[in-house]
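This report describes a predicted model. It takes up helix packing and then the contacts of charged side chains.

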Amino acid sequence: MVALFAGLKFRLLRNRRGLGLGSVGQVIALLLAVGIGGGIGLALAMLRSAPETATLVMANLYASAVLAWTIMPLVAFGVDETVDPRRFALLPIGRPTLQRGLLVSALIGYLPLANLLALLGSAIGVASSWSLLPLTVICAIGVLLMCVIFSRALAATMSGLLGSRRGRDLGMLVSFALFALYYLLSTMLNNSSAESFASSAAGSVGRVLAYTPPGALALIPADVADGAWLSAGGRAAINTS
């Protein structure tokens, strides 16, 4: 059944040709996803030479990625119908099977591919030693799953509101808030050029985000490398609670 959901999502992507996105457009979209995601991943992987900076940067990145995915339905003024659970409510499919199928289908697409490449690069960036790479990859994949699950949960919960006028107004408000947040973060990052990132305002934000579920995943490998097993266990508990 999970394979069937994945096949349906691939078929829907191919059928976008009829909506104006031809074969050439699909190839360009794929190349853009690989190029952007791979470029970001390469930049993040280069932070491996500065472990303290890398962990704080990834804490900010992981939390920002989950936030962006979660509020994306509000910004897009609607729900991705390919993974709307209401469309499968009348089918004789068990809830666990339906959840696995919808999760797999949500992971298929250009945006998930770009995010996966960027997160794999971040996994290399926070791996202070190559022996930690399997753990950092698991943490990065955990962030991607968290992004998809939170996004689908909000989309399913607010699907009725998002199609209304009030939902569109809410989407405009969220878009403005995102722009303000982006401007604030950009200012913080630019002001940290004269000092180390760890002691900058963005670094302080990263320390706070390290106690959130996505941010904790960025610091678990560093705790394991330092032998801080209690701290690593506490951060893992944050993500399992």
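In the predicted model, V2, F5, A6 and K9 of helix α1 are in contact with L98, R100, G101, L102, V104, S105 and A106 of helix α4. Sorted by class, this contact comprises seven nonpolar, two polar and two charged residues. The α1 and α4 helices cross in a right-handed sense.

Two arginine side chains are placed over aromatic rings, as tabulated below.

| Charged residue | Ring | Distance to ring centre |
|---|---|---|
| R48 | W130 | 4.0 Å |
| R235 | Y211 | 5.3 Å |

Aromatic pairs, by contrast, number zero in a search of the whole structure.

Side chains of opposite charge can pair when their charged atoms come close. The count of salt bridges is one: D223 pairs with R235, and their closest N and O atoms are 2.6 Å apart. This pair joins distant parts of the chain, with D223 located in helix α10 (residues 213–225) and R235 in helix α11 (residues 229–240), 12 residues apart.

Notes
Residues are numbered from 1 along each chain as its sequence is written. This is a predicted model: local features need pLDDT of at least 70, side-chain atom pairs count only at pLDDT 80 or more; totals for chains, interfaces and linings use all residues. Side-chain values use heavy atoms; hydrogens and water are left out. Rings of Phe, Tyr and Trp (its six-membered ring) pair if their centres lie within 6.5 Å; planes under 30 degrees apart count as stacked, over 60 as edge-to-face and the rest as tilted. A charge sits over a ring if NZ of Lys or CZ of Arg is within 6 Å of the ring centre and within 35 degrees of the ring normal. A crossing is left-handed if the near helix is turned anticlockwise from the far one by less than a right angle, and right-handed if clockwise. Helices (H or I, at least four residues) and strands (E, at least two) are DSSP runs, numbered from the N terminus. Contact means heavy atoms within 4.5 Å. Ala, Val, Leu, Ile, Met, Phe, Trp, Tyr, Cys and Pro count as nonpolar, Asp, Glu, Lys and Arg as charged, and the others, Gly among them, as polar. A salt bridge is a side-chain nitrogen of Lys or Arg within 4 Å of a carboxyl oxygen of Asp or Glu.
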